[in-house]
Amino acid sequence: MRGYKMILLASAAALISTGAMADDRKVLKVSNTLDEIFLEEVTDTITVDMIENIVTKFEIDQTNRGDINAHTKVVASNVDGYTASAVAIANNASVDVKGNAAGSNWQGNWGNVSASLDANIMKATGATELTAVAIGNNFSFNVEEYGGAVVGSKQVNDGDISASLTADFSGKVNDVTTTAVAIANNFSLQTNHGSIVAGVEQVHNGNVSAWNDTTLRPMRRAVDPATAVAIGNNASISNYIPKVQ
């Protein structure tokens, strides 16, 4: 875990340290024994104070070595408000809690992950949404109602990640949205009016591809969203702090 900066927070009780583990994994481990957090990398040590009153503690360990495939084929006519999707994820974990929480996440994927959607749609009213999503490792951490978070996360992906979408629309159609998304490692953390201590490491060694082929006949004047997104490593951290009136 390189490049951490010192973060000083409130007080109280937990220990996080990095160490060599199986499959050369290094992840912040949480225990409720000391009054400080230690983030260690060889000889580098950073000490931070811990958030107080931890309500929830967790440890996640996920490994996948097989190939993951999802395929959806759609033929539809005269539909209203139609939705179709193909979703393939090797490792997926979500933590949704209230109050201060602390934990660690390890996810390793060595397989290929692919999602494909083929759609032929004739005469569609309302909104039509088609989605193909392929993810190697996905971890989301959401703390609600004035809670803080302490988390260490490592995600390793060695497989190829691909998402493809082919859509053919004919006849009268209204709003159309088509999306193909491929992500190797995805991490998201959101808190509500709380403190955050986070160490995030993401490693990706495979190929990532997203392909979207959408045809509308007849051509429309309105512009319909057609999106293809390919990402190796993605991490987002947000802390909602209400404004004082």
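Me: How many bridges join β10 to β12, and do they run parallel or antiparallel?
Reply: The two strands, β10 and β12, run parallel and are joined by 9 bridges. Strands here are DSSP runs of E with at least two residues, numbered from the N terminus, and two strands pair if DSSP finds at least two bridges between them. This is a predicted model, in which local features need pLDDT of at least 70 and side-chain atom pairs count only at pLDDT 80 or more, while totals for chains, interfaces and linings use all residues. Residues are numbered from 1 along each chain as its sequence is written, and side-chain values use heavy atoms, with hydrogens and water left out.

Me: Which residue in β12 stands opposite Val150?
Reply: Opposite Val150 stands Val197 of β12.

Me: And what pairs with β10 in strand β8?
Reply: Strand β8 pairs with β10 (residues 149–157) in the parallel sense, over 9 bridges. Within that pairing, Ser104 stands opposite Gly152, and Trp106 has Lys154 as its bridge partner in β10.

Me: What is the order of strands in the sheet they belong to?
Reply: It is an open sheet of 4 strands in the order β5-β8-β10-β12, with parallel pairing. The edges are taken by β5 (56–64) and β12 (196–204), each with a single partner strand, so one side of each has no neighbour in the sheet.

Me: Is β10 mostly covered or mostly open?
Reply: Strand β10 is mostly covered, since 9 of its 9 residues are buried, where buried means under 20% relative accessible area, exposed means over 50%, and partly exposed lies in between (1.4 Å probe, protein chains only). Ala149, Val151, Ser153, Gln155 and Asn157 point one way from the strand, whereas Val150, Gly152, Lys154 and Val156 point the other way.

Me: Which side chain does the side chain of Gln107 make a polar contact with?
Reply: The partner is the side chain of Gln155, at 2.8 Å. A polar contact is a pair of N or O atoms within 3.5 Å; within protein, one must be able to donate a hydrogen and the other to accept it, and residues adjacent in sequence count only if both atoms are side-chain atoms. Gln107 itself lies in strand β8 (residues 101–109) and is buried, with a relative accessible area of 0%.

Me: Changing topic, which residues have the most contacts inside the largest nonpolar core?
Reply: They are Leu117, Ile121, Leu130, Leu165 and Phe169, in a core of 28 residues. A nonpolar core is a set of buried Ala, Val, Leu, Ile, Met, Phe, Trp, Tyr and Cys residues joined through side-chain atoms within 4.5 Å. Strands β6 (68–80), β7 (83–98), β9 (113–144) and β11 (161–192) each supply at least two residues of this core, and β11 gives the most, with 10 residues.

Me: How many aromatic pairs does a search of the whole structure find?
Reply: The search finds 4 aromatic pairs. Rings of Phe, Tyr and Trp (its six-membered ring) pair if their centres lie within 6.5 Å, and planes under 30 degrees apart count as stacked, over 60 as edge-to-face and the rest as tilted. One of them is the tilted pair of Phe58 and Phe139, with 6.3 Å centre to centre and 45° between the planes. Phe58 lies in strand β5 and Phe139 in strand β9, so this pair ties together parts that are 81 residues apart in sequence.

Me: Which residues form the aromatic cluster?
Reply: One cluster is formed by Phe58, Phe139, Phe141 and Phe187. Phe139 is buried, with a relative accessible area of 0%, and Phe58 also counts as buried, at 14%.
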